[in-house]
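The sequence and structure are shown first.

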2 protein chains.
Amino acid sequence: MNPEIIAKLQGIVGVSYVFTDEETRNSYGHDETEDLVFPPQVVVKPASAAEISAIVILANEYTIPVVPIGGRTGLSGGALSIHGGIALSTERLNRILEIDEKNLQVITEPAVITQILQDTVLEKGLFYPVDPSSRGSCFIGGNVAENAGGARAVKYGVTKDYVLNLEVVLPTGEIIWTGANTLKNSTGYNLTQLLVGSEGTLGIITKIVLKLLPKNHHNVLMLVPFFKAGEACEAVSAIFRAGIVPSALEFMERDAIDWTLRFIDGINVPVKETIEAHLLIEVDGNYPDILFAEAEKIMQVLESFEIDEILFADSDDQKNALWKMRRGVAEAVKANSVYKEEDTVVPRYELPRLLEGIKIIGAKYGFQSVCYGHAGDGNLHVNIIKGAMTDENWKTEVPKGIREIFELTVALKGTLSGEHGIGYVQKNYMDIAFSDKQLLLMKGIKTLFDPNNILNPGKIFPDTL
Amino acid sequence: MNPEIIAKLQGIVGVSYVFTDEETRNSYGHDETEDLVFPPQVVVKPASAAEISAIVILANEYTIPVVPIGGRTGLSGGALSIHGGIALSTERLNRILEIDEKNLQVITEPAVITQILQDTVLEKGLFYPVDPSSRGSCFIGGNVAENAGGARAVKYGVTKDYVLNLEVVLPTGEIIWTGANTLKNSTGYNLTQLLVGSEGTLGIITKIVLKLLPKNHHNVLMLVPFFKAGEACEAVSAIFRAGIVPSALEFMERDAIDWTLRFIDGINVPVKETIEAHLLIEVDGNYPDILFAEAEKIMQVLESFEIDEILFADSDDQKNALWKMRRGVAEAVKANSVYKEEDTVVPRYELPRLLEGIKIIGAKYGFQSVCYGHAGDGNLHVNIIKGAMTDENWKTEVPKGIREIFELTVALKGTLSGEHGIGYVQKNYMDIAFSDKQLLLMKGIKTLFDPNNILNPGKIFPDTL
């Protein structure tokens, strides 16, 4: 990169926050997406919205890509510097600015780790329910950028349902708020919701106002083994039809649990060979009696399926162990084999059709898959395992299979991504979910916000558009 | 209007669905906004998205405004044909297409009356919680267009929180779906949320996919009289801080109740002269014991305020009477005097500051106001009463006062409209909430969708933009 630009960047953020060494560039050149690495030419770590504004103005002047970087836990390659340029890490904007107990809101900077945000508001008796599996390392800003979900979305909704207002540096350098700090808002177009899930292509988020809830005091957690995976999927929808809204309803194929137990030490869950899948079911609230009554009702629903003995987590330790297992699945799969992960989502009743279809498609193209995810939302993570596949087949056959899986999700009234975003690795499947007209409207919005296409270019939109 | 265009419209929708008589034009020339009437040149009543598409393509050809019309219950003038042209009534798209019990969803056309939708899904044990006061006559399509709220938003959210997917006729004639029928979606920009609340300026909604909940079986309703209106506002926030999320928390100044009781027959609520305001508080759920415990907790919170005797509604009839009273306030105020209604919204803890400020501003500009609304959301409807004001002062002083009220809401981190939309009557206050850059981004989106500005022109954006 032109030394003049480096010098200008140093002038903006200070010499010690501009990095051009290979190690730093490599480190900021990947997120958690497969084994992909696209190093930027330079990594900058601004301290404020004003500095970010100056950086994007400079980037416009020289037409250099700027990729906003959060916790680098993304699973769709949204933070990859695929065209080089400037990696703009938000990590120094890491303060919780205000916990507004009177209005049940929190104002935070983007680089606060989600779990730290949750724990900090919990100390005040407040609850931020959105709970991505990566909560221990992901940033709240990245959660907003990808519209992250997680295990509790089934009852509490996803990130978009908590974002009231955003301070954003636009790709052209202006700093705006997208809305107001109110629970309701019918004042102009909803720029807030347009920014949520825009994957760092429409603006760089510098402040976030989130709605909070009063905390729940109790929960009941159970792990239910199913002899047939299809029945586990069917049970998901049956539980809702019985009038119960669990706070989590997670599906895991046996391999997912199996690999995870081998990968993470110290969790004692008996997993029989004859079991195809598990559901991890949680109900929460303030009244233990009610929760036991709801657990009872769930058990009645489950009686019509072939299940093995239910494990009730009867201590905090056991609950933590079960959640640690569930949260560890992604990493365990990754440790087991080269893989690709898809983030399919369908209306929840269609889950058995989706799971069945995935297995048929896998057989057709010669790949194995391990599926798990937020079944209560109809959100199934499909991990396609390279295993013993040849490199050649991995390259040519798998993309065809993925295309068929996505075609199936769309046919089932679902779509490509429930919570990971499209980013880099799914962009060339967007034609399955959208017509050219729809994509051109989205692209038109991108051009309106970012006329020089400097902010996170090469993401979301198919190469052919 | 050019007879050639009329003939073409007749060709599209059939002769019997094109109206140019004065009575029909006048009737479709108003909604519930003040006493404003802007008759269109022609009223058309298409039967399908395809017919609507043909109409907007024709309108583009001749550059004629098209104003989408729903139940005509709007309070911001969004359905007024301020530039004449074609009033496009959606009233024939009035079928509930599918109640998907398996996925807890409903697919509906836009001209279904909200209460009919609620009642129909309730028969299947399902719950559509969004409950605007006009639910007996408003259309669900209009609710989506304005992002309607209502009494239960405080616990259940507003229309936007239930819209999963929309079929929309774009201003250029293409028919698209905005998303997928899934609870989660991180696939491209959120066109669904961009359309919700866009007030008929970005597209004409022809199908709506809504999320439903399992129905609640019980509720407890109480009416709490406060000697001081400011204390009623303070109590709102105190209830939430005690960890309770009521399903409704409505505020009414004494005049609002007083006028309503005189306007609606057969409701027996004692209203003392010494009472300044009431809170109507509802909690709901499936377990009566829990609800009584929550009501008990609320009463403990209320002990620290100066209140008179609480009225518990102990029968369905009494509950209905109290809700009839609350829902009748707007009409009662309207019957009492010429008025203007503003739909202010602030973070809920700021309500006492807002109410106090409104009274001070009223005194300064010589107007009385009656305030009521969804206090749990911080959403206060401000009815400015003409009463004995001169026409001159009504014309010159009131707009200044409104401007100051909006400046106050924005200073309190709130905004102009919580649930009514900006439409025609608030558009020239938009500069208070937004900078030129923000407004130009919104306007840019409008132009992207509607290059010839044919769809509901002259709404949302200030005349000076």
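## Annotated domain and chain interface

In the unreviewed UniProt entry, residues 36–215 of chain A are listed as "domain: FAD-binding PCMH-type". The model examined here is predicted.

Strand 5 (residues 96–100) of chain A pairs with strand 6 (residues 105–108) of chain A in the antiparallel sense, over four bridges. Ile96(A) has Thr108(A) as its bridge partner in strand 6 of chain A. Four residues stand between the two strands of this hairpin, and Leu104(A) takes a positive phi near 55 degrees.

Because Lys207(A) belongs to strand 10 (residues 204–211) of chain A and Glu167(A) to strand 8 (residues 163–169) of chain A, the pair ties together parts that are 40 residues apart in sequence.

| Salt bridge | N to O distance |
|---|---|
| Glu174(A) and Lys437(B) | 3.5 Å |

Across the interface of chain B and chain A, six salt bridges are found. Polar contacts there join 31 residue pairs, with both residues at pLDDT 80 or more. On the side of chain B that touches chain A, the elements giving two or more residues are strand 9 (175–177), helix 7 (191–195), helix 8 (229–241), helix 10 (288–302), helix 14 (430–433) and helix 15 (436–449) of chain B. Helix 15 of chain B supplies the largest share of that side, with nine residues. Sorted by class, the side of chain B that touches chain A comprises 33 nonpolar, 31 polar and 17 charged residues.

The extent of the interface can also be given by contacts and area. In all, 81 residues of chain B are in contact with 80 residues of chain A. About 6,400 Å² is buried between chain B and chain A, and carbon and sulfur atoms give 64% of this area. Lys184(B), Ser186(B) and Tyr189(B) contribute 15% of the area that chain B buries against chain A, more than any other three residues.

Note on methods:
Residues numbered from 1 in each chain as written. Chains lettered and ligands numbered in written order. Predicted model: local features only at pLDDT ≥ 70, side-chain atom pairs only at ≥ 80, totals over all residues. Heavy atoms only, no water. Contact = heavy atoms within 4.5 Å. Buried area = accessible area lost by both parts, 1.4 Å probe. Salt bridge = Lys/Arg side-chain N within 4 Å of Asp/Glu carboxyl O. Polar contact = N/O pair within 3.5 Å; in protein donor to acceptor, adjacent residues only side chain to side chain. Nonpolar A, V, L, I, M, F, W, Y, C, P; charged D, E, K, R; others polar. UniProt positions renumbered as here; feature names shortened; annotations may be inferred. Pairing = 2+ DSSP bridges.
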